[in-house]
Amino acid sequence: GGGTEVHGRDVARVIWALLGNPDKEIPVIHLSDRYVTHRQVVELARRFSGIHGPLPEGPPAPPANPLACHRLTDLGLAFGGLPLLEETVAEMVRVAS
């Protein structure tokens, strides 16, 4: 399985940007950085830990209708993407080991 994800750091940046733009009318904002599978997270954890083993099956297909976050670009925001996901998983592995 998997799901759409957004890092807490990115959520905080969006909230801060909205609070700093009280005159901007944005009725709904979708927060979704990327679709991440369980397999991808395990692959990253294994890479950063050096532990080898089987990987879970990937999903049969990516979602047919990922969330669109167009209104965030109006605020000059971009999510951390794969680099932030890798940084976060690496930090989690470091703390856990």
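This is a predicted model: local features need pLDDT of at least 70, side-chain atom pairs count only at pLDDT 80 or more; totals for chains, interfaces and linings use all residues.

Tutor: A residue is called buried when its relative accessible area is under 20%. Because its relative accessible area is 2%, Asp 10 counts as buried.

What, then, surrounds Asp 10? Once neighbours within four places in sequence are left aside, its contacts are Asp 33, Ala 78, Phe 79, Gly 80 and Leu 84.

Helix H4 itself deserves a check of its geometry. It holds 16 residues, 81–96, and at 1.5 Å a residue it should span 22 Å; the C-alpha atoms at its ends lie 23 Å apart, which agrees with that expectation. As for the spacing of residues in such an element, an α-helix has 3.6 residues a turn, so residues three or four places apart point the same way.

The largest nonpolar core has seven residues: Val 14, Ala 17, Ile 26, Cys 69, Leu 72, Leu 75 and Leu 77. Within it, Ala 17 touches Leu 75 and Leu 77, residues up to four places away in sequence not being counted. Another core, of five residues, lies apart from this one and includes Val 36, Leu 44, Leu 85 and Val 89.

Finally, the setting as a whole. The protein has four helices and two strands, arranged from the N terminus as β-α-β-α-α-α. Its radius of gyration is 16 Å, well over the 13 Å given by the globule rule for 97 residues, so the protein is more spread out than a compact globule. Along the principal axes, the C-alpha atoms fill a box of roughly 50 × 30 × 15 Å. Buried residues make up 19% of the 97 residues, and Asp 10 is one that is buried. Among contacts with a separation of 6 or more, 80% join residues 24 or more positions apart. The accessible surface comes to about 6,800 Å², and carbon and sulfur atoms account for 58% of it.

Notes:
Residues are numbered from 1 along each chain as its sequence is written. Side-chain values use heavy atoms; hydrogens and water are left out. A nonpolar core is a set of buried Ala, Val, Leu, Ile, Met, Phe, Trp, Tyr and Cys residues joined through side-chain atoms within 4.5 Å. Buried means under 20% relative accessible area, exposed over 50%, partly exposed in between (1.4 Å probe, protein chains only). Contact means heavy atoms within 4.5 Å. The expected span of a helix is 1.5 Å times one less than its number of residues. The radius of gyration is taken over C-alpha atoms; the globule rule is 2.2 Å times the number of residues to the power 0.38. Accessible areas come from the Shrake-Rupley method with a 1.4 Å probe; for residues, only the protein chains shown count as cover.
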